[in-house]
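Subject: A structure for you to look at

Hi,

Here is the structure I promised to pass on. Could you open it and keep it in view while you read my notes?

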Amino acid sequence: MTATTSFPARLSIVTLGVADLDRSARFYEALGWHRSAVSSPEIVWFRTADSVLGLFPHEELAADAGVPSAGEPAFRGVTLAVNLESPALVDAALETAVAAGAIVVKAPAATHWGGYSGYFEDPDGHLWELAHNPFFAFTQDGSLDLPN
């Protein structure tokens, strides 16, 4: 059987499983992100430039997906990234993340591909990359404007 339809190539929501919902919400608020009014005691939402970040208790997220919650690997095989307009903004964003409680995993540095990038870990071990890619343009709303 072959697929006759497709779905749009877009990322609407990223939901992170967290150990302590209040602690994680405070961390993202300390980054300067604004909690949505639709947040509840069960799930916290943050609007980003072109998608939504959700925070949900780890055990409950695993149960919702129907997968075991134990046995989490040290590296989950996923990173989240915020692209910024300059290396100086990468450095400033990392300072903000550290002040909020992030752990620097890799200090920002020039990359082999001509950009500038570093990584931090949030309170639950989710890896975030802060990057400047001089080959990617931004739209007026802050989204990446990748060529087709």
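First, the ground rules. This is a predicted model, in which local features need pLDDT of at least 70 and side-chain atom pairs count only at pLDDT 80 or more, while totals for chains, interfaces and linings use all residues. Residues are numbered from 1 along each chain as its sequence is written, and side-chain values use heavy atoms, with hydrogens and water left out.

**Overall layout**

The protein has three helices and nine strands (DSSP runs numbered from the N terminus: H or I of at least four residues for helices, E of at least two for strands). Read from the N terminus, their order is β-α-β-β-α-β-α-β-β-β-β-β. The C-alpha trace spans about 45 × 40 × 35 Å along its principal axes. Of the 148 residues, 33% are buried (under 20% relative accessible area; exposed is over 50% and partly exposed lies in between, with a 1.4 Å probe and protein chains only). Taking contacts (heavy atoms within 4.5 Å) between residues at least 6 apart in sequence, 49% join residues at least 24 apart.

E1 and E3 (residues 52-57) are parallel, with six bridges, and leucine 16 faces leucine 55 of E3.

At the start of H1, a side-chain oxygen of aspartate 20 comes within 3.2 Å of the backbone nitrogen of aspartate 22. Glycine 32 follows H1 and has a positive phi, near 100°.

**The four-stranded sheet**

The other open sheet I looked at runs E4-E7-E6-E5, again with mixed pairing. E4 (80-83) and E5 (103-110) each have a single partner strand, so one side of each is left without a neighbour in the sheet. The twist averages 15° from one strand to the next. Four bridges join E4 and E7 in the parallel sense, and asparagine 83 has alanine 131 of E7 as its bridge partner. E5 and E6 run antiparallel, with five bridges. These two strands form a hairpin with five residues between them, and glycine 114 in the turn has a positive phi of about 100°. H3 lies across E5, E6 and E7, at about 155° to E7.

**The core**

The largest nonpolar core has 23 residues (a set of buried Ala, Val, Leu, Ile, Met, Phe, Trp, Tyr and Cys residues joined through side-chain atoms within 4.5 Å). Those with the most contacts inside this core are Leu16, Phe27, Tyr28, Leu53, Leu55, Phe120 and Trp128. E1, H1, E2, E3, H3, E6 and E7 each give two or more residues to it. Leaving aside neighbours within four places in sequence, leucine 53 is in contact with residues including Val14, Leu16, Tyr28 and Trp128.

Asparagine 133 is in the loop between E7 (127-132) and E8 (137-138), and is buried, with a relative accessible area of 11%. A polar atom of its side chain lies 2.8 Å from the backbone nitrogen of phenylalanine 135. Not counting residues up to four places away in sequence, asparagine 133 touches Asn83, Leu84 and Trp113.

Alanine 99, in H3, is exposed at 71% relative accessible area.

Best wishes

How values were computed
A polar contact is a pair of N or O atoms within 3.5 Å; within protein, one must be able to donate a hydrogen and the other to accept it, and residues adjacent in sequence count only if both atoms are side-chain atoms. Two strands pair if DSSP finds at least two bridges between them. Axes are lines fitted to C-alpha atoms, for helices over the stretch in contact, and angles run from 0 to 180 degrees between N-to-C directions.
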